[in-house]
Each structure stands twice: as C-alpha cells, then as structure tokens.
Amino acid sequence: MLAVESRWVRRAPCVPPQRYFRGVVHMRLAWRDGPACGQAGWIHGGIRGRKTAGGGLVRGDRARPGARFRVGWAVHVSGFGRALGVGLVGLNGYLVEVEADIGQTLPAFVLLGLPDSALTEAKERVRSAAQNSGVPLSRRKITVNLLPAALPKRGTAFDLAITVAALAAAGDIRAPADTVFIAELGLDGRLRPVQGILPAVMAAVRAGYPDVIVAAANGPEARLVPGARVHEYESLGGLALDLGADPLKVVLPEPVPDSDRAEGGLRREGSESEGGVVPGSGSPDLRDVAGQSDARAALEVAAAGGHHLFMLGPPGVGKTMLAERLPGILPDLDDEAAMEVTAIHSLSKLPSATRELVRRPPFESPHHTASQVAVIGGGSGIPRPGAASRAHRGVLFLDEAPEFGGRTLDSLRQPLESGEVSIHRSAGHATYPARFQLVLAANPCPCGQSSGKGLLCTCPPQVRRRYLARLSGPLLDRVDIQVGVRPPSPYDLAANEPHESSAVVAARVKTARARQAERLAPYGLHTNSEIPGRLLRGPFLPSRSVVRTLEEALERCTLTARGYDRVLRLAWTIADLAGHDVPDGDDVGQALLFRTTEGSR
C-alpha cells in the first residue's frame, strides 16, 4: 500500500463505484508490464512516485499524465463535503451546516446532531435515492454531522443537503458553498415537497443565503419570499448534472403526471383540512340569515374592530350561520399578515396558497372533543401549531363552547391578551402568533330550551348553572361582545325582502377599518381591539360626561377594570361605523349594552 497524491483518479471496474476520487488516494499500482492484479484504469494528472523493479511505484518520481496502470486490491478515499440546510423551531428558522466525511473503515452511515426518528431514517432514503439516480454513495464509512449539534433536528427537509454533502465528499459533484438545500428524497431519486418551506426560505434569506434549491412542488411557495433566488428540481439526478456529475452515469426518473404531482404538494386554497378552511370566493353570505338584527349588528361591530364575540341562545336560531359568515365580511390581509398566515399554514400543511399569499382571513372550527394540544398546540418533540395559531389574523370558532374541556377553554386566556402562544416542552420551546378573533356559541342549558320563559326546559336549576359555569368568568371577561340570540319570528322567516349581503356589510367594515388605521398609525396599531389601556385612558379617553355610566358600573362592581377598557374599545368601533370622530354617549351606551347583555342566561 502506497500513498499517492492525486486530484483526479478515474475509477476502474473493480473499484467501488465512485466515478472520481478527490483527496488522498491509497492504492497499489502496477505498470502495464507489472503483475496483473486487477483491471486497467487511467491516471488523470501526475502522480509523484518512481517505478520499482517489480513494476510498482514508490514516492519520488512523477508519473506521466494519462499513464495506464492496474489497480491492486483496494482504494480508500478520505474526503470532506459540506452543504447548508435550514432547521425550524416554530416559525423561527436557523441555518444548519451539514458536514460529511468519508472514512477508511468498513461501510457504515453515521448521522450526528440530535436527529429525530424521521431524520434518522434519512440514511436509507439517501443511499437508495443516490443509487437510483446514478450517483451512488461511497461504500466506505460516511459520517454526517448537523451543526449546531446541540440543537434538535427534525423532519425530512435535510435529505437533500445530506446527499449533496456526501457526494461532494466523494468528489462526485461540486457543492456550492452559498446555496441552501431544502427537500425530501424519494427512493427513486425524486425531490419531494416538505412542510414549512416558506418560513425555511425566509430564514435562509435572513441569514444571507438567498440561493435556495427546493423540490419543484415547493417552488411556487418558496418564490413568495422577497429576495429569494429559488431553483427548482424534479430529481436528484437533474441536480447532480448541474453540479458536475458524470452525465453518462446519471439516471433521471420518468416524468410524473400533473395529477400525481399535485397530490404530493400542498393542497389548494379553499380546501378543507382538520376543521379549518381558508375562505375563498365561495364563502357563506349574510343574506342567508333571516332576522337576527341584533346579532347581525354585533357581528358587524366585531368585524370592524377585531373584537371577540359570545352568542348565547337556543339551538337552531342561527348562531353557527352567523359565525361562519364572519370571515366573509372581514377585509383582506395586508402583506405582513398574509406572509404570517401563509407561513403558519405552510408549517401545518394546511390549505396554503402554493402560488400566492393567503389573502383571506382563515377560519378554524375545531370539534368540541378537541384536546388542549389540538387547540393550543404542542405534541412530542418541537411543539406544532394548534387551531389557535392556524386561526391567526382570522376567526377561531368554538361551537357548543361549554362542551369543551375546562382546561382547553382557559388555556385561551393568555393568547387572547398577548396575541401569541408560547409552548414549552422538554425538547425545546416554540412561540407561534395567535392574534385571532374568538367566537363562542352556546346553548343556555343542556336541553337548550331555557330561553325566554323556559317553560319547555327539563333541566334542574342546578344543572343550568353548572352548564354555563363551564365558561369561566376570566374567559368571558376577555370577550368584548356578549349577545343573546333569540329565535326568529314567523314574519322574519316569511319575509320576501332581501337581506343585506356580506358585500354591503364588508364595505362598511372596510371604511371603519380605514378610519382606525389612520388614527392608530402613529402608535403602530391597526384595529381598536389592539389599543392598550394606557392609550384608552389617555389620548383616546372620551369626555367625563360620556364615560360617567362606565364609572358607575365600576362602582357597582358590574364591570371590571378589564371590562372598562373593552367597553371603550367597543365604543370607538361603534363610532367608526357611525362616522363619528369621537364616541358620544349613545356609542358608549350601546357598547355597554353589548358588553353586559347575557341574552336568556
């Protein structure tokens, strides 16, 4: 065994199937007239050594370029490769450096850097994908390290970066140092889309690496990130060709039909998934709701100011219909909010706009059997976003609210105040935005017939009290509007007059939002529901005569300090809808009525 320094050495048929070897090559060589130990090959470039009497080479002479040789019994390669990937913790991404080293021991594949189960399985995916693409990995020991090694890595998005680093270590390709690789590999070598491609590309651009290579199915979504230079590939073979692999050996998979390709990517906008819908052009319309003038007015105020809403009434009066029509009267999301919503949906693999940003407010309606983790977020490993985060900048509707678990309902109290969810687990913590409009709907009792005089109700008084007591006082104190919804009259059901459509109401809401945006722009706020108490009791405090009724309610302890602020926010929204510059006594009175109305409770 002699150490031979070479930059390029062409593989002989008896040598493991690397096309080229880069680095220090250890081999036993013989000239054409020496003993035939193996198949002939070619030396590309000079090799330092001298010919011995037996036909071998020792260090000292330089062989002529292109000299023919015979390979002995072994070729060992010591190589190092590097590629870049992105790891996600919540919506925050960090750059991951993927190092690959080819050792001189028996075949093995070692993956370091705290990988999870899905990432650990990448060893077999990567080896099969490379083999089926015509650029097989080295048959020696491959050690892959993911830096920073102290942070847990999860998911399949590192498959491509691991493969590129391993092939670069063997000298099969030339990996660019300033490009980030984000894709999953199929066994046939195709690049598969991954979750969270939008926040991952955003993290790469923020880190100063705008060149990103992704699967073709993720390309339209990745291009939504400003400043990103996205390169799409269908297969590992196509990428390897562009990175310098031997075109005679690379294998390209057969084309995939468009219908099959769509199934592998994210679903289209407006499709349903896990109780959530991104509203599209087919959203329900308010003209379908008969009567309910008070509830419709409350819904309009809630949409105009971004306020939370609680509807209490017997079954079948239209509470769910009203809640489902709230997203239809909300304005479109601005660029910043649309990017946040699209990033969350990309991470959750919800109906995300694969070719454009999600511009309509999302709508989430989990079933009342949903767990606390499903609503707030969590899970094993790095916490995943729940329904509260998926409803960010939209509506979170809890139908049959008293049927939800008490801990699940009370866990919403913190995001209602802060607008974000911070989840801590042993493997790490993640913070997700959760600035949503909460809409609660409930029956007055288990049988639902205690409204009005309650003559048809069969529930004992203690059962009625216990039923509504499931909605804790601190939770309801954070809900701005509490309105009773009564059954529509026969006249309302038989009336032929057309009701106001969502488009008409949405126009008024848009005008009110514009007034708020102009007034709150110096403070960096958008809606009245975001105004902090210090501003409400400062520059946004109406005259003393206007708020006298609120002060009396505080003295009687029928209104809390938090409720005082929320009534003022409601009064400003009502004034915006009415075109008033400052809330007057009627605006405050109506806001207080919305705040303290408990319907038939």
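Pro-148 lies in the loop between strand S9 (141-147) and helix H3 (159-169), where helices (H or I, at least four residues) and strands (E, at least two) are DSSP runs numbered from the N terminus. A cis peptide bond, with omega of about 0°, joins Leu-147 to Pro-148. The model is predicted, so that local features need pLDDT of at least 70 and side-chain atom pairs count only at pLDDT 80 or more, while totals for chains, interfaces and linings use all residues. Residues are numbered from 1 along each chain as its sequence is written, and side-chain values use heavy atoms, with hydrogens and water left out.

Most residues other than glycine have a negative phi, and most peptide bonds are trans. Two residues of this chain may be set beside that background. Arg-393, in the loop between helix H13 (387-390) and strand S21 (395-398), has a positive phi although it is not a glycine, and Glu-400, in the loop between S21 and helix H14 (406-410), likewise has a positive phi without being a glycine. The table gives their values; buried means under 20% relative accessible area, exposed over 50%, and partly exposed in between, with a 1.4 Å probe and protein chains only.

| Residue | Phi | Relative accessible area |
|---|---|---|
| Arg-393 | about 65° | 25%, partly exposed |
| Glu-400 | about 50° | 28%, partly exposed |

A pocket is, on a 1 Å grid over the protein atoms alone, an open set of points where a 1.4 Å probe fits, with protein on both sides within 12 Å along at least five of seven lines, and its lining residues have an atom within 4 Å of a point; the volume is the space filled by probe spheres set on the points, which are joined across faces, edges and corners. Of the 36 residues that line this pocket, the closest to its centre are Arg-393, Arg-513, Thr-527, Ser-529 and Glu-530. Helix H11 (335-348), helix H15 (413-418), helix H19 (502-520) and helix H22 (561-578) each supply at least two residues of the lining. The lining divides into 13 nonpolar, nine polar and 14 charged residues, where Ala, Val, Leu, Ile, Met, Phe, Trp, Tyr, Cys and Pro count as nonpolar, Asp, Glu, Lys and Arg as charged, and the others, Gly among them, as polar.

Helix H22 also holds Trp-572, one member of a cluster in which ring pairs link Tyr-523, Phe-540 and Trp-572. Rings of Phe, Tyr and Trp (its six-membered ring) pair if their centres lie within 6.5 Å, and planes under 30 degrees apart count as stacked, over 60 as edge-to-face and the rest as tilted; by this rule the count comes to three aromatic pairs. Tyr-523 and Phe-540 form an edge-to-face pair, 5.5 Å centre to centre with 65° between the planes, and they are 17 residues apart, Tyr-523 lying in the loop between H19 and helix H20 (533-536) and Phe-540 in the loop between H20 and helix H21 (548-555). Tyr-523 is partly exposed at 38% relative accessibility, whereas Phe-540 is buried at 5%. The ring centres of Phe-540 and Trp-572 are 5.6 Å apart and their planes stand at 90°, so this pair is edge-to-face. Trp-572 is buried, as is Phe-540.

The chain as a whole contains 23 helices and 25 strands, and 52% of its 601 residues count as buried.
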